[in-house]
Amino acid sequence: MTLAEHPGGAACPGCVAAPLAAQTAAVAGAFTDLSLPGLHCAACIRTVETGLARLPGVIAARVNLGRKQVRVHATPGIAPETLIDALSELGYAAQLIDVDTLGSTRDTHGRALLTRIAIAGFAMMNVMLLSVAIWSGAADATRAMFYWISAMITLPAIAVCGQPFYASATAALRAGRLNMDVPISVALILATAMSLFETVAGGTHAYFEAALSLTFFLLAGRYLDHRTRRAARSAAAELAALVVPRVVRQTATGRETVNLAQIAVGDIVVVLPGARIPVDGIVIDGSSRIDQSVLTGESLPVAARTGSTLIAGALNLTGLLRVRATAVGDDTTLRRMVTMIDAAETARNRYTALADRAAAIYAPLVHLLALAAFIGWMLIDGDARHAIGVAIAVLIITCPCALGLAVPAVSTAAAGALFRRGVLIKDGTALERLAQIDTVVFDKTGTLTIGQLGVGTLSGLDDTGLSILLALAQGSTHPVAQAIAAGLDAPTIAAA
């Protein structure tokens, strides 16, 4: 039934839904995730997304600059090698990765901190407005009403937003130690409790806005610290993602594409040029050059021929290989490396953050000082309310909360500066330990190089010779030829 045929001239639900269903079916396809280490700016995002969108069969491409990855939505017939070649022509080296191995991209902890920051900020602004009225002269019943409204806003906000500090402080106390969150939690709880006590007793001073402001800024510092840690991606996860999720298996009846988990020891795997080796194995047919820089740090490719031993994660550069699997899954060299790196990253270390070391020394002294103030004022005037107020004031004033904000802020700024120079900070104590380093030992040349060949000084060739060399290099997939093509100034040669 068409629109004209429908009574009243209105389209029926089926007429409306059918085109939408057809449109949805038309955009159905497969997703391919590629790693792009060369991404560094917004112009790169535009170049990659636009270049991939021009390819036949590509529905959409979306770049994640933070993760240096691109997700390509394409029709099922588009091979990853086609996308990799297209990106290579755009000047970006791409690698197929298994994004599921990296784990979820959702930052649940960061989102929870941002939610608490928003709640604390909203509550702080509203209580500040009420406090302005009190500071402007509101007294008696009006002041009491504003204090009660402030209390109803502050109590649930402090209970919810202070959870990160309370949980950390509780864990530290159960372990028989003090950390930075113990005095912070004490300050937040006592500031709120003192304000509530003054409100109930009809006092003239309450400090709800101070408790909320302290919570807001400390949460901001905690979020900065979280972002710094998250920026350093896990080396174990990045290595594991090099294992390709789908492989080509050679059988008696031909070739078939299967999941990596279906490969068993003894199976024959076909590795195309530009693909990564999915298993440990021995070459039974073919010859090629293998890039093992991501695993060994060595920049020069190694030759592979019949009888050569290959390790999972290495990149096949030039020729087609048939490899008989000798180790699969968790038994491969790559997986064993991932296990060792993961164990090293999660191992407990003996270093404690500067703020926690300060708190461990400072907190007991502060608490003893507050106790002395309480006892002293009780002996002086015997007024328990006044003595409790003085003791709480001592605890709040002397709380090293500035360290809770200053240390994450400084760490974030320093980590950002190092990141722009290619250094990732993965632990909060790394910057502090740098001050103790007097000797640096590098284990291999790959640690200090980028793992790629480059063109030095060319001599003995005129413009015609350089043009011929460039044309030859651009027509070859050999790593030396690719380095020459990337190193020659094509626009200058064309202009000449």
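Q: Why is arginine 249 called buried in this model?

A: The relative accessible area of arginine 249 is 15%. Buried means under 20% relative accessible area, exposed over 50%, and partly exposed in between (1.4 Å probe, protein chains only). Arginine 249 at 15% therefore falls in the buried class. The structure is a predicted model in which local features need pLDDT of at least 70 and side-chain atom pairs count only at pLDDT 80 or more, while totals for chains, interfaces and linings use all residues. Residues are numbered from 1 along each chain as its sequence is written, and side-chain values use heavy atoms, with hydrogens and water left out.

Q: What makes the contact of glutamate 256 with arginine 249 a salt bridge?

A: The N to O distance between the side chains of glutamate 256 and arginine 249 is 2.7 Å. A salt bridge requires a side-chain nitrogen of Lys or Arg within 4 Å of a carboxyl oxygen of Asp or Glu, so the pair qualifies. Glutamate 256 is classed as partly exposed because its relative accessibility is 32%.

Q: What makes arginine 322 and aspartate 285 a salt bridge, and which parts does the pair tie together?

A: The closest N and O atoms of arginine 322 and aspartate 285 are 3.7 Å apart, and the pair therefore meets the distance criterion. Arginine 322 is in strand β13 (residues 321–327) and aspartate 285 in strand β8 (residues 280–285), so parts 37 residues apart in sequence are tied together. A search of the whole structure finds 3 salt bridges.

Q: How do you know that the buried residues of helix α3 line one face?

A: The buried residues of α3 (residues 80–89) are Leu83, Ile84, Ala86 and Leu87. Seen down the axis, they fall within an arc of 160°, so they line one face of the helix; the arc is that of the directions from the helix axis to the C-beta atoms. Glycine 91, which follows α3, has a positive phi near 95°.

Q: Why does leucine 368 count as exposed, and where is leucine 368 found?

A: Leucine 368 counts as exposed because its relative accessibility is 54%, and it is found in helix α12 (residues 354–381).

Q: How do you know that residues 1–27 should not be read in detail?

A: The chain averages a pLDDT of 76, and 72% of the residues score at least 70; pLDDT is the predictor's confidence in each residue, from 0 to 100. Over residues 1–27, however, the pLDDT is below 50. Where pLDDT is low, the predicted coordinates should not be read in detail. Residues 490–496 also stay under 50.

Q: What share of the chain is buried?

A: Buried residues make up 36% of the 496 residues. The chain has 18 helices and 13 strands.

Notes
Contact means heavy atoms within 4.5 Å. Helices (H or I, at least four residues) and strands (E, at least two) are DSSP runs, numbered from the N terminus.
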